[in-house]
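Subject: Handover of a structure and its findings

Dear colleague,

I am handing over to you the structure shown below.

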Amino acid sequence: MDENGVEFWYARELMEMLEYSKWGNFTKVIDKAKEACENSNVNISDHFANVSKIVKAGATSKDIGDVKLTRYACYLIAQNGDSRKKTI
């Protein structure tokens with residue numbers, strides 16, 4: 001839950017649950033889900049929000065980015081994922 005009481009998930013966590021191993025491949029699914037959202041005349045920014053995710057990279061930190069997703073965004077991602085994956 002965010003500070004406004006809205007339920008959300010992070011895309012990098014969802015990626016693992018849906019058995020994607022590479023962020024680059026999963027971002028393609030996110031892009032398809034955004035298209036589906038737009039085609040439904042729903043505001044993309046209400047369901048997909050780019051956020052920073054800082055990870056340690058040796059002695060420094062690095063922003064790898066992430067996407068904050070609503071339940072609807074997760075649904076669209078599952079609908080547009082690789083149907084050969086058992087979790088999809």
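**Surroundings of Lys-68**

Apart from neighbours within four places in sequence, Lys-68 is in contact (heavy atoms within 4.5 Å) with Asp-2, Phe-8, Trp-9, Tyr-10, His-47, Phe-48, Ala-49 and Val-51. This is a predicted model, in which local features need pLDDT of at least 70 and side-chain atom pairs count only at pLDDT 80 or more, while totals for chains, interfaces and linings use all residues. Residues are numbered from 1 along each chain as its sequence is written, and side-chain values use heavy atoms, with hydrogens and water left out.

Lys-68 belongs to strand β5; strands (E, at least two residues) and helices (H or I, at least four) are DSSP runs, numbered from the N terminus. Between the C-alpha atoms of Lys-68 and Phe-48 there are 5.8 Å, although 20 residues separate the two along the chain. The charged end of Lys-68 also sits over the ring of Phe-8, 4.5 Å from its centre. For such an arrangement, NZ of Lys or CZ of Arg must be within 6 Å of the ring centre and within 35 degrees of the ring normal.

**The sheet and the helices on it**

An open sheet is formed by 3 strands in the order β1-β5-β2, with antiparallel pairing. Its edge strands are β1 and β2, each of which pairs on one side only. Two strands count as paired if DSSP finds at least two bridges between them. Strand β1 (residues 9-10) pairs with β5 (residues 66-69) over 2 bridges, and strand β2 (residues 48-51) pairs with β5 over 4 bridges. Leu-69 in β5 stands opposite Trp-9 and is also the bridge partner of Phe-48.

Helix α2 lies across β2 and β5 and runs at about 145° to β2. Helix α3 packs on the sheet, where it touches β1, β2 and β5, and its direction makes about 115° with that of β5. These angles run from 0 to 180 degrees between N-to-C directions, and the axes are lines fitted to C-alpha atoms, for helices over the stretch in contact.

**The nonpolar core**

Nonpolar side chains tend to be buried together in soluble globular proteins. A nonpolar core is here a set of buried Ala, Val, Leu, Ile, Met, Phe, Trp, Tyr and Cys residues joined through side-chain atoms within 4.5 Å. Buried means under 20% relative accessible area, exposed over 50%, and partly exposed in between (1.4 Å probe, protein chains only). The largest core has 18 residues, of which Leu-14, Phe-26, Ile-30, Phe-48, Leu-69 and Ile-77 touch the most other members. At least two residues of this core come from each of α1 (11-17), α2 (23-39), β5 and α3 (71-80). The largest share, 6 residues, is supplied by α2. With neighbours within four places in sequence set aside, Leu-14 is in contact with Phe-26, Leu-69, Cys-74 and Ile-77.

**Aromatic rings**

A pair of aromatic rings is described by the distance of the centres and the angle of the planes. Rings of Phe, Tyr and Trp (its six-membered ring) pair if their centres lie within 6.5 Å; planes under 30 degrees apart count as stacked, over 60 as edge-to-face and the rest as tilted. The structure holds 4 aromatic pairs. One of them joins Phe-8 and Tyr-10 edge-to-face, at 5.1 Å centre to centre and 85° between the planes. Phe-8 is buried because its relative accessible area is 18%, whereas Tyr-10, at 30%, is partly exposed.

Another pair, Trp-23 and Phe-26, is tilted, with 6.3 Å centre to centre and 45° between the planes. Both residues lie in helix α2, 3 residues apart, or about one turn of the helix. Trp-23 is partly exposed at 22% relative accessible area, while Phe-26 is buried at 0%. Ring pairs link Tyr-20, Trp-23 and Phe-26 into a cluster.

**Two positive phi values**

Most residues other than glycine have a negative phi. Glu-19, which is not a glycine, has a positive phi of about 65°. Glu-19 is placed in the loop between α1 and α2 and is partly exposed, with 46% relative accessible area. Asn-41, also a residue other than glycine, has a positive phi near 60°. Asn-41 is found in the loop between α2 and β2 and is exposed, at 74%.

With kind regards
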